[in-house]
Amino acid sequence: MGCALRKQERIYEDHVVLAAQTHFSFEDVKTLSELFRKLSCSISNDGFISREEFQLGLFRDSRKQSLFSDRLFDSNNDGLIDFGEFIRTLSIFHPDASQAEKIAVAFKLYDLWQRDFIGREEVKELILALLYESELILTDDIVEAIVDKTFEEADSKGDGKIDIEEWNNFAALNPSLLKNMTIPYLKDITAAFPSFVLNTEKNDEIYKDF
């Protein structure tokens with residue numbers, strides 16, 4: 001009967017609850033649910049966004065991978081993005097999200113091995129991932145120099161680790177680290193996604209059941 005009518009969409013968290021817990025209004029969540037529906041149906045109609053579907057929506061290529069997008073959106077590492085993960089992660093990029101929220105998420109993003117600190121290997125791996133995704137090539141010496149400079153500035157305790165306190169100080173002194181943590185159009189979803197708003201208004205009878 002089509003993606004919009006699948007009763008499996010009961011897995012969606014309550015729109016009112018998500019609006020209360022994020023920086024989105026109820027109408028924003030309702031509109032974004034239409035975007036979620038479209039992405040979750042692009043390859044498999046199961047009510048989740050798979051890594052392949054997310055990559056397809058992000059890059060128009062289901063084979064292209066992104067270390068950052070995987071870590072940001074698939075918070076429970078099960079290979080699938082549910083509606084709650086989708087909305088809560090987007091909320092971090094909302095212009096109204098605090099700098100403290102963005103700094104905390106950025107720290108988790110860099111803490112690849114979940115040890116509550118960022119090590120040299122993790123910084124290097126993330127730099128290499130960024131270069132790969134941007135199709136840029138730098139010599140090993142330049143990459144190592146970037147890692148050295150990062151630790152020179154951030155590792156104030158000199159123990160070869162960047163803990164959350166050091167990260168907070170480093171991010172406060174280097175606001176450019178968070179420049180990609182804000183998506184301006186999330187401030188006005190209805191203007192950014194007018195077609196989804198129209199679809200949502202048409203399908204009010206469908207949404208009222210969730």
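The legends below describe close-up views of a predicted model. Residues are numbered from 1 along each chain as its sequence is written, and side-chain values use heavy atoms, with hydrogens and water left out. Local features need pLDDT of at least 70 and side-chain atom pairs count only at pLDDT 80 or more, whereas totals for chains, interfaces and linings use all residues.

View 1. A search of the whole structure finds 5 aromatic pairs, where rings of Phe, Tyr and Trp (its six-membered ring) pair if their centres lie within 6.5 Å, planes under 30 degrees apart being stacked, over 60 edge-to-face and the rest tilted. The ring centres of Trp-167 and Phe-170 are 6.1 Å apart with planes at 55°, so this pair is tilted.

**View 2. The largest nonpolar core.** This core, a set of buried Ala, Val, Leu, Ile, Met, Phe, Trp, Tyr and Cys residues joined through side-chain atoms within 4.5 Å, has 36 residues, and among those that touch the most other members are Phe-24, Ile-87 and Trp-167. Helices that each supply at least two residues of this core include helix 1 (15-21), helix 2 (26-40) and helix 5 (83-92). Not counting residues up to four places away in sequence, Ile-87 touches Leu-18, Thr-22, Phe-24, Val-29 and Leu-32, contact meaning heavy atoms within 4.5 Å.

**View 3. Arg-120 with Asp-148 and Phe-151.** The side chains of Asp-148 and Arg-120 meet in a salt bridge (2.8 Å, N to O), defined as a side-chain nitrogen of Lys or Arg within 4 Å of a carboxyl oxygen of Asp or Glu. This pair links distant parts of the chain, with Asp-148 in helix 8 and Arg-120 in helix 7, 28 residues apart. Asp-148 is partly exposed at 39% relative accessibility, and Arg-120 is likewise partly exposed at 32%. Arg-120 also lies over the face of Phe-151, at 5.7 Å from the ring centre, a placement that requires NZ of Lys or CZ of Arg within 6 Å of the ring centre and within 35 degrees of the ring normal.

Note on methods: Buried means under 20% relative accessible area, exposed over 50%, partly exposed in between (1.4 Å probe, protein chains only). Helices (H or I, at least four residues) and strands (E, at least two) are DSSP runs, numbered from the N terminus.
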